Amino acid sequence: MPNPWSRPATPAWMLCLTAGTAAAAGYALLPSDGAWHLVAYPIIALSCVIAVVAGVRRHRPNQPAVWYSFAAGLGAWLANTVIDQLTATAPWSQLSAGFLIAGYPLLGHALFGLIRGRVRSGDRTTGIDAGIVATSLAVLFWTLVAGDDSLSLLQLLVAAGDIALFALISLLVTTPGAHTASYRLLLTALGLTVFSDVLLMIVPFEPGGPADVIFVLANVLSAAAALHPSMRRLTVPLPQPPGFVRPRLALLTAAILLAPIVSLHQGATGRIADDWLPLGVGSIVLFLLVSARMAGLVLRVEQQARHLSVLVNEDPLTGVANRRRWDERLRTAMDRSAATGEPLVVALLDLDHFKRYNDTHGHQAGDELLTDAATAWLSGLRGDDLLARYGGEEFCVMLTGRTVAEALLIVEHLQTLTPDGQTFSAGLTRWDGRQTAQELLEHADRLLYDSKRSGRARVTAGRPLADAA
């Protein structure tokens with residue numbers, strides 16, 4: 001018997017977040033001199049990497065490689081920081097730089113995997129959007145960073161890596177998907193990582209300094225994100241394809257405007273002649289990507305329009321024409337018959353004892369009977385005939401250019417095609433040239449009920465009302 005006084009166990013992600021935040025605060029309060037930071041940082045950072053791996057093994061997301069790549073990137077940066085704190089002499093300095101640079105493609109691969117996992121299959125717009133953002137930032141990097149002769153090769157690579165991560169983070173923020181607790185924790189961690197890198201450009205690195213503590217806290221949040229159960233939904237796309245969301249539109253607008261803004265800035269400062277090649281190439285690539293994006297949007301609108309047209313005119317269960325389509329086609333056929341004099345015959349079909357069939361076999365079997373019957377009856381009609389579902393188990397048949405006798409043979413043949421040993425009752429009549437569409441169907445409906453009263457499983461054909469009068 002459960003103890004009513006016992007408290008539920010604290011979730012692992014909450015324990016990680018609480019203990020990690022306390023550890024980051026304690027790390028910030030350590031004395032600036034001595035080896036305390038050198039011991040504390042590897043313990044905290046390595047614990048976070050292990051927690052990420054443990055979260056993957058515990059929750060088993062559908063794309064574990066994304067999270068393992070994320071853990072590897074954190075591990076590479078951990079190795080870089082530890083080596084830098086131990087020594088700055090060769091060859092360890094080169095090894096440290098290698099770990100630093102290696103972290104960027106590992107984290108980039110993880111972010112790209114998260115973005116790709118949240119996108120529905122066949123959707124290429126995210127790749128085009130990534131190209132737009134990356135090209136704009138590349139132009140900005142080339143004109144403002146790469147041209148600075150005071151920067152070393154390592155600093156240029158780090159700046160390029162930060163710009164690439166910023167582009168991927170921006171796309172992750174604007175890609176529709178489940179905004180779970182794990183998603184929010186991870187985005188906060190990524191934002192703190194970028195902020196820490198920006199801070200290092202302003203103030204030099206110092207163990208226990210603001211940039212160092214912020215990066216430690218980012219590792220803690222990353223570990224909590226991996227331990228949260230909702231991390232499994234991070235790479236699951238939405239059930240329905242989203243529209244063009246406003247954050248994505250704002251991001252693309254800013255990215256597209258970067259190239260002309262840089263051109264205006266350099267023109268105003270007199271440097272346009274130095275960087276005309278990257279600006280020109282970047283602008284051409286941007287315009288081509290925007291054209292591809294617009295072509296994709298136009299294609300999506302056309303596909304949705306075709307899909308909507310089908311939904312408006314087609315019965316969703318059986319796939320035959322619906323009542324709306326029937327009314328349109330019947331009016332057109334009546335106009336043509338009045339102009340040409342060709343006969344127009346309509347019939348109403350009603351499956352016999354359909355309610356009893358539903359009660360006996362279940363509603364799913366009843367839906368299958370309606371679908372199978374419609375498919376079978378279509379096979380007995382020619383291309384210009386029309387079969388429509390009028391409602392429930394009632395169907396309409398329109399036959400043009402047939403006499404009543406010919407139409408009667410066709411409908412009786414449809415009786416033999418009815419699946420699962422079922423039958424229908426039908427009323428069949430020819431348009432007299434003066435009836436409205438409603439009057440014509442009401443006449444066929446009366447003949448249908450004559451068939452039901454006569455024992456069902458039969459077709460009752462009647463002359464036009466004018467002829468009968």
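## The second largest cavity

In this predicted model, the second largest cavity holds about 90 Å³ of space, and the structure as a whole has 3 cavities of 30 Å³ or more. Its lining is made up of 15 residues, and those that lie nearest the centre of this second largest cavity are F70, W77, L107, L190 and T193.

Two or more lining residues come from each of the helices α3, α4 (92-117), α6 (153-174), α7 (181-202) and α8. By class, the lining of the second largest cavity consists of 12 nonpolar and 3 polar residues, with no charged residue among them.

## Helix α3 against helix α8

Two of the helices that contribute to that lining, α3 and α8, also pack against each other: α3 spans residues 64-86 and α8 spans residues 210-227, and their axes lie 12 Å apart at an angle of about 160°. Because the angle has this value, α3 is roughly antiparallel to α8, and the crossing of the two helices is left-handed.

From α3 the contact takes W67, F70, L74 and W77, while α8 supplies F215, N219, S222, A225 and A226. The contact of α3 with α8 comprises 7 nonpolar and 2 polar residues and no charged ones. F70 and W77, which belong to the α3 side of this contact, are also among the residues nearest the centre of the second largest cavity.

## Helix α2 against helix α3

On α3 there is also a contact with α2, where the two helices pack at an angle of about 170° with their axes 9 Å apart; α2 is therefore roughly antiparallel to α3. The α2 side of the contact includes H37, L38, Y41, P42 and A45, together with V49, V52, V53 and V56, and the α3 side includes P64, W67, Y68, A71, L74, L78 and V82.

Sorted by class, the residues of the contact between α2 and α3 are 17 nonpolar, 4 polar and 1 charged. W67 and L74 of α3 take part in this contact with α2 and also in the contact with α8.

## Helix α1 against helix α2

Helix α1 (residues 12-29) packs against helix α2 (residues 36-59) at an angle of about 165°, with the axes 11 Å apart, and α1 and α2 are therefore roughly antiparallel to each other. Their crossing is left-handed.

Here A12, A23 and Y27 of α1 meet H37, A40, Y41, I44 and R58 of α2, and the contact of α1 with α2 divides into 6 nonpolar residues, 1 polar and 1 charged.

Conventions: Residues numbered from 1 in each chain as written. Predicted model: local features only at pLDDT ≥ 70, side-chain atom pairs only at ≥ 80, totals over all residues. Heavy atoms only, no water. Axes fitted to C-alpha atoms, helices over the stretch in contact; angles between N-to-C directions. Helix = DSSP H or I, 4+ residues; strand = E, 2+ residues; numbered from the N terminus. Parallel < 35°, antiparallel > 145°, perpendicular 65-115°, else oblique. Left-handed = near helix turned anticlockwise from the far one by under 90°. Contact = heavy atoms within 4.5 Å. Nonpolar A, V, L, I, M, F, W, Y, C, P; charged D, E, K, R; others polar. 1 Å grid on protein atoms, 1.4 Å probe; cavity = no way out; pocket = protein on both sides within 12 Å on 5 of 7 lines; lining within 4 Å. Points joined across faces, edges and corners; volume = space filled by probe spheres on them.
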